[in-house]
Amino acid sequence: MRSRIVLAIGFTLVLGSNPYKSLAHGVQTNAPQKRRVAVRARLCGTKQYQQVVTWATQHPRPKVHLAIQSSGPKSSLLFQAEDDPYSTSIESIQVADLDGDGIPEILSLWSRGQLPGGVLRVFHWKQAAGKFIELPVNTAEGFTPLLARDYVIEGTGSQKHLSVNQMMVDLTRGSRVKLDLELRDDRITDVEGGPTVNQSESGIEGQALLSPTHPGPIRVGQPHTQAAPFQTDLAIYSASDGREVARAQTGTDGRFRVSLPPGIYLIGPPRTNQRKLPRAQEQQVEVTSRTFSYVTIQFDSGMR
């Protein structure tokens, strides 16, 4: 059962840029180390609360820190962001469930001096591994630090995405001032630019959706039940001879991606499960060279 998220702080918290003194190498500096609880929320998708703590130090050089801890009188460290030597403060922190899996992501801007904005860094609880990770940001330029003037979280439900105003752009190279990003396969992906793909790579990617999600008739004035992401197994068959050529498992967001040579394929639930609920019809997909064909697999839950 998917856990509901209850946020203790539902707004962006703007943090000051004043560095604080700390203990380092056994020598006490001018002031004790200070910490701030920036966000307190159910960051692991359970009933327990966790908190994002930030602080800054001066010795041996100015440095900012971000840690995620369990909440309570005896808190334990769950994750600490690796040091960014160029950042002087953390301008803002937000939490939002970007992929609809019931677990929020932690978004932050790490400022570099007097310029507005900073480096966009996103942290995520990876449930299968039981730990927090930092998600790579993949734009059309590849996996690089993304300098963002600001960003806005848009969309509702499982369709959230980030609209990012870049801090620095090279208009002579046709760089875009605004980027549209979404969380896909444990990475922040440029929707327009798409993930970086090997020149010889091709295959099928897409999403599995399940509907209806609630039984019973829809009353007058009640909104129609939307499809929800569905985590399941998919099988890919050769359209020419019906031979199974690959399997794919969708994530908690229903998304999948599998590499295949160019050809015509049928994709759907494994044929041994065709009579079981939830069920879906196989779809024919043509894969061309150096391209990933996109498909949405609609599963019927059987609820009526």
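Tutor: In this predicted model, strand β20, which spans residues 233–238, has five of its six residues buried, so the strand is largely enclosed by the rest of the structure. One of its partners is strand β21 (residues 244–249), with which β20 pairs in the antiparallel sense over five bridges; within that pairing, Leu 234 has Ala 248 of β21 as its bridge partner. Five residues lie between the two strands of this hairpin, and Gly 242 there takes a positive phi near 75 degrees. Strand β23 (residues 263–268) also runs antiparallel to β20, joined to it by four bridges, and here Tyr 237 stands opposite Leu 266.

The largest nonpolar core has 22 residues, and Leu 66 and Ile 106 are the ones with the most contacts inside it. Two or more residues of that core come from each of β4 (36–41), β5 (50–57), β6 (63–70), β8 (89–96), β9 (105–111) and β10 (118–126). Leaving aside residues up to four places away in sequence, Ile 106 touches, among others, Val 52, Ile 68, Ile 93, Phe 123 and Phe 132.

The last two of these contacts point to the aromatic side chains, where ring pairs link Phe 79, Phe 123, Trp 125 and Phe 132 into a cluster. The model has four aromatic pairs. In one of them, the ring centres of Phe 79 and Phe 132 are 6.4 Å apart and the planes stand at 45 degrees, so this pair is tilted. Because Phe 79 belongs to strand β7 (residues 77–80) and Phe 132 to strand β11 (residues 131–135), the pair ties together parts that are 53 residues apart in sequence. Phe 79 and Phe 132 are both buried. Trp 125 also pairs with Phe 132, in an edge-to-face arrangement with 5.0 Å from centre to centre and 65 degrees between the planes. The relative accessibility of Trp 125 is 14%, so Trp 125 counts as buried, while Phe 132 is buried with a relative accessible area of 4%.

Notes:
Residues are numbered from 1 along each chain as its sequence is written. This is a predicted model: local features need pLDDT of at least 70, side-chain atom pairs count only at pLDDT 80 or more; totals for chains, interfaces and linings use all residues. Side-chain values use heavy atoms; hydrogens and water are left out. Rings of Phe, Tyr and Trp (its six-membered ring) pair if their centres lie within 6.5 Å; planes under 30 degrees apart count as stacked, over 60 as edge-to-face and the rest as tilted. Buried means under 20% relative accessible area, exposed over 50%, partly exposed in between (1.4 Å probe, protein chains only). A nonpolar core is a set of buried Ala, Val, Leu, Ile, Met, Phe, Trp, Tyr and Cys residues joined through side-chain atoms within 4.5 Å. Contact means heavy atoms within 4.5 Å. Two strands pair if DSSP finds at least two bridges between them.
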